[in-house]
Amino acid sequence: MPQKIEFGLDTFGDVTAGPDGKPQAHAVVIREVIEQAVLADQLGIEAFGVGEHHRPDFAISAPEVLLGAIGGRTKHILLGSAVTVLSSDDPVRVFERFSTLNAASSGRAEITVGRGSFTESFPLFGYDLKQYEQLFEEKLDLFVALIRNETVTWSGTTRSSLTNQRVFPPPEGGELKTWIGVGGSPESVVRAARYDLPLMLAIIGGDPKRFMPYVELYQRAYTQLGKPVKPIGLHSHGYVADTDQQAREELWPHHKAMRDRIGAERGWPPATRAHFDSEAEGGSLYCGSPETVARRIAATAKALGIARFDMKYSSGTLPHDKLMRSIELYGTKVIPMARELMAYTKP
C-alpha cells in the first residue's frame, strides 16, 4: 500500500442534457466543466483531468486551452490531460503547450500521453492508421527526450529530425510530470517502465483486480532495470449520489445511451441493466452512495497498490447539476472515508 494516495477527477466533457432534456451546445458544456473543476479545487480534490476527443458527443478537443482557463480560476488542483493522443499530435507542440500551462499555473500541469481509444484524430490531422504503433512509439521517444533534456537530438520516420534543438519554455521546477495511459496490453506496461514514467491504468470494465498481473509486470520490469518503481494510477468510471439506489437509477439511462452509441460503432452488444449492476457491485464502475464508493475504492487501492485514483465522473448526457452533486459528495465524503479505510491520514 502506498504511503500516500492522491484522488482526482476526469472528464471528457460529455455533452450533457439541459433543463429541457435536449443536448446542450458544446460551448455550454465547456463552461460547465470549468465550474466543475472550480468546485473540485474548492473541495481539496487533488487532480482534475480532461480528455481529448474529436467527435460530437464530447466537447473537449483542446485540453490545454481548457486547462489554462481552469488554472486561472483555481489555486491548488493539478491540471492534467486524460489523455493526450500523442500519436496524432506533434511532441514538440505538446511539450510547448503543457510547459506553458505549467508556468501559467505555477507548476500544476501534468500530462497523460496515450494512443487513445478513439481514432477520429488520425484522419482529422492527416495520419495513417496503418502506422498506429509506429507513430506512438516514435513520438513518445521524442517527447521523453524533450522533457528530460535541455537540448534534443532525435531522428525518426514520422516527423523531421532535430539536432541540438532547444524547445521553449523550459519546464519550471524540473521535468514536466508525465504519465503513460495504458488500457491493458503487456507491451504498453513494459514500455512505461522502459521510459521510467508513471503508469496510469484505464480500467473501465470487469474486476479491477484482474489488472494485478500488469502491476506485477511493471514492478518486475523496474527490478530488471535496477530502478525504483514509479507510481501507478487508476482511471475508472464512477458516480456518487446519496444512496446506492439513487446513484444507479440516475446514472443508468445516461450510461446505457452512451455505451450503446459507442458500442454500435465497435460491434458491442447493447448494455443490460444486469451487467450495469454487476459492474457497480464488483466491477470497475464506482457507482453508489459515498460509503459504497469509498469502500470499493479503498479495496481496489489496497489490492493494486495505487498512488492515484481518478474517477471519470461524467457519463453521457448526465446533467450538470447531478455532476456537481457527485463531485461534492466525492470530495466531502468519499475521499475522507476512503482514506480512513486505508488507514491513511493526510499530513
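1. The model is a predicted one.

2. Overall build. The protein chain holds 11 helices and 12 strands. Along the principal axes, the C-alpha atoms fill a box of roughly 60 × 45 × 40 Å.

3. Packing and surface. Buried residues make up 55% of the 347 in the protein chain. Take the contacts between residues at least 6 apart in sequence: 73% of them join residues at least 24 apart. The accessible surface is about 14800 Å². Carbon and sulfur atoms account for 54% of that surface.

4. Charge. The protein chain carries 39 positive and 42 negative side chains. The centres of the two sets lie 1 Å apart.

5. Gly316. His254 is 62 residues from Gly316 in sequence, yet the two C-alpha atoms are 5.3 Å apart. Gly316 has a relative accessible area of 6%. Buried means under 20%, so Gly316 counts as buried.

6. Glu46. This residue lies in the loop between α1 (26-42) and β2 (47-50). Is Glu46 buried or exposed? Glu46 is buried, at 12% relative accessible area. Its side chain has a partner: a polar contact of 2.8 Å links Glu46 to the side chain of Arg339.

7. His235. Strand β10 (residues 232-240) contains His235. The relative accessibility of His235 is 9%, so the residue counts as buried. With neighbours within four places in sequence set aside, His235 is in contact with Asp10, Phe12, Met200, Leu201, Ala202, Ile203, Ile204, Asp310 and Lys312. Which side chain makes a polar contact with the side chain of His235? It is Asp10, at 2.7 Å. Val29 is another matter: 206 residues separate it from His235 in sequence, and the C-alpha atoms are 22 Å apart in space.

8. Arg159. The loop between β6 (151-154) and β7 holds Arg159. Residues up to four places away in sequence aside, Arg159 touches Asp90, Pro91, Val92, Leu142 and Trp154. With Asp90 there is also a side-chain polar contact, at 2.8 Å. Lys139 is 20 residues from Arg159 along the chain, and their C-alpha atoms are separated by 8.5 Å.

9. Thr300. Helix α10 (residues 290-304) includes Thr300. Relative accessibility is 3%, so Thr300 counts as buried. Not counting residues up to four places away in sequence, Thr300 touches Pro208, Leu234, Tyr286 and Gly305.

10. Cis peptides. Two bonds deserve a look. From Ala82 to Val83 the peptide bond is cis, with omega near 5 degrees. Val83 belongs to the loop between β3 (78-81) and β4 (84-85). Phe168 and Pro169 are also joined by a cis peptide bond, with omega about -5 degrees. The loop between β7 (162-166) and β8 (177-182) is where Pro169 is found.

11. Ser106 has phi near 60 degrees, a positive value in a residue other than glycine. Its place is the loop between α3 (91-104) and β5 (109-114). Asp196 is not a glycine, but its phi is positive too, at about 60 degrees. Asp196 lies in the loop between α6 (186-194) and β9 (199-202). Asp196 is buried, with a relative accessible area of 16%.

Methods. Residues are numbered from 1 along each chain as its sequence is written. This is a predicted model: local features need pLDDT of at least 70, side-chain atom pairs count only at pLDDT 80 or more; totals for chains, interfaces and linings use all residues. Side-chain values use heavy atoms; hydrogens and water are left out. Helices (H or I, at least four residues) and strands (E, at least two) are DSSP runs, numbered from the N terminus. Buried means under 20% relative accessible area, exposed over 50%, partly exposed in between (1.4 Å probe, protein chains only). Contact means heavy atoms within 4.5 Å. Accessible areas come from the Shrake-Rupley method with a 1.4 Å probe; for residues, only the protein chains shown count as cover. Lys and Arg count as positive and Asp and Glu as negative; His and the chain ends are not counted. The place of a charge is taken as NZ of Lys, CZ of Arg, CG of Asp or CD of Glu. A polar contact is a pair of N or O atoms within 3.5 Å; within protein, one must be able to donate a hydrogen and the other to accept it, and residues adjacent in sequence count only if both atoms are side-chain atoms.
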